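The following questions and answers examine selected features of one protein model. Please consult the sequence and the structure while reading.

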Amino acid sequence: YLIRPEIADDYLEIILSTKNKNTKLIYYVMDFHFLRLERQFEFTNNPLTYEESKRLKYIEYTIFEKVDSILTISSEELKFLNKNFNHKKSILIPTFIYKQSLPLSPNQDLKFRNGLLFVGGFSHIPNLDGINYFLNNSWDIVKNKIPSITLHIVGSNVPDTLYKFAQKDKMIFIYENLSDIELFNLYDNVRITIAPIRYGAG
């Protein structure tokens with residue numbers, strides 16, 4: 001079972017040369033890294049991003065060819081795999097599996113909920129780009145419409161730029177390293193979750 005192209009690339013040949021012939025090798029596609037970078041290049045026009053997308057495309061295509069099965073969370077990426085690697089077994093799996101039906105919370109009355117919530121690790125560039133875009137282009141518009149609204153930003157590796165933004169705006173709250181219960185409580189009390197991602201894959 002392999003995950004992430006650069007890690008898989010380091011170990012793929014070793015595994016192939018030592019595994020039992022009956023052992024099946026599975027690769028989990030978190031997202032098409034090359035596609036995410038191609039889309040990032042459309043916004044940044046950074047030639048280094050474009051070159052990195054080509055490098056990762058070669059790596060990912062090689063992995064697709066050499067493994068037995070490919071798992072993806074994206075129906076669009078499944079279509080791509082079935083079209084371009086139809087000799088491989090590709091399987092769509094959900095991101096999360098809940099034991100109970102939605103909504104998960106008994107707090108369903110919107111009048112008791114307030115605020116916006118963004119959740120995402122900031123080592124992942126699309127997350128950082130997305131929240132920066134929202135803060136610089138949408139947040140003031142929202143506040144002008146609803147002055148009492150709050151914005152909760154949750155994630156790991158929060159950069160200083162976001163903390164500085166929050167220092168200037170008392171309606172922005174930033175959290176790092178929340179427990180599952182703490183995060184659930186935030187989801188349980190906010191009115192809307194936002195995902196202002198401008199580019200990505202998966």
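**Strand pairing and a buried glutamate**

In β4, serine 69 has lysine 89 as its bridge partner. The model is predicted: local features need pLDDT of at least 70 and side-chain atom pairs count only at pLDDT 80 or more, while totals for chains, interfaces and linings use all residues. Residues are numbered from 1 along each chain as its sequence is written, and side-chain values use heavy atoms, with hydrogens and water left out.

Q: How many bridges pair strand β3 with β4?
A: Strands (E, at least two residues) and helices (H or I, at least four) are DSSP runs numbered from the N terminus. Two strands pair if DSSP finds at least two bridges between them. Strand β3 (residues 69–72) pairs with β4 in the parallel sense, and the number of bridges is four.

Q: Which residue in β8 stands opposite leucine 116?
A: Another open sheet of four strands has the order β7-β6-β5-β8, with parallel pairing. In this sheet, β5 and β8 pair over two bridges. The residue opposite leucine 116 is isoleucine 192.

Q: Which residue in β6 stands opposite phenylalanine 118?
A: Strand β5 (residues 116–119) runs parallel to strand β6 (residues 151–154), and four bridges join them. The residue opposite phenylalanine 118 is isoleucine 153.

Q: How far from glutamate 60 is the nearest side chain of opposite charge?
A: Glutamate 60 lies in helix α3 (residues 47–66). Glutamate 60 has no salt bridge, a term for a side-chain nitrogen of Lys or Arg within 4 Å of a carboxyl oxygen of Asp or Glu. The nearest side chain of opposite charge is arginine 36, at 7.4 Å.

Q: Which residue has its backbone nitrogen 2.8 Å from a polar atom of the side chain of glutamate 60?
A: Glutamate 60 touches (heavy atoms within 4.5 Å) residues including Pro5, Asp31 and His33, not counting residues up to four places away in sequence. The backbone nitrogen at 2.8 Å belongs to phenylalanine 34.

Methods: Buried < 20%, exposed > 50% of the residue type's maximum accessible area, 1.4 Å probe, protein only. Lys, Arg positive; Asp, Glu negative; His and termini not counted. Polar contact = N/O pair within 3.5 Å; in protein donor to acceptor, adjacent residues only side chain to side chain.
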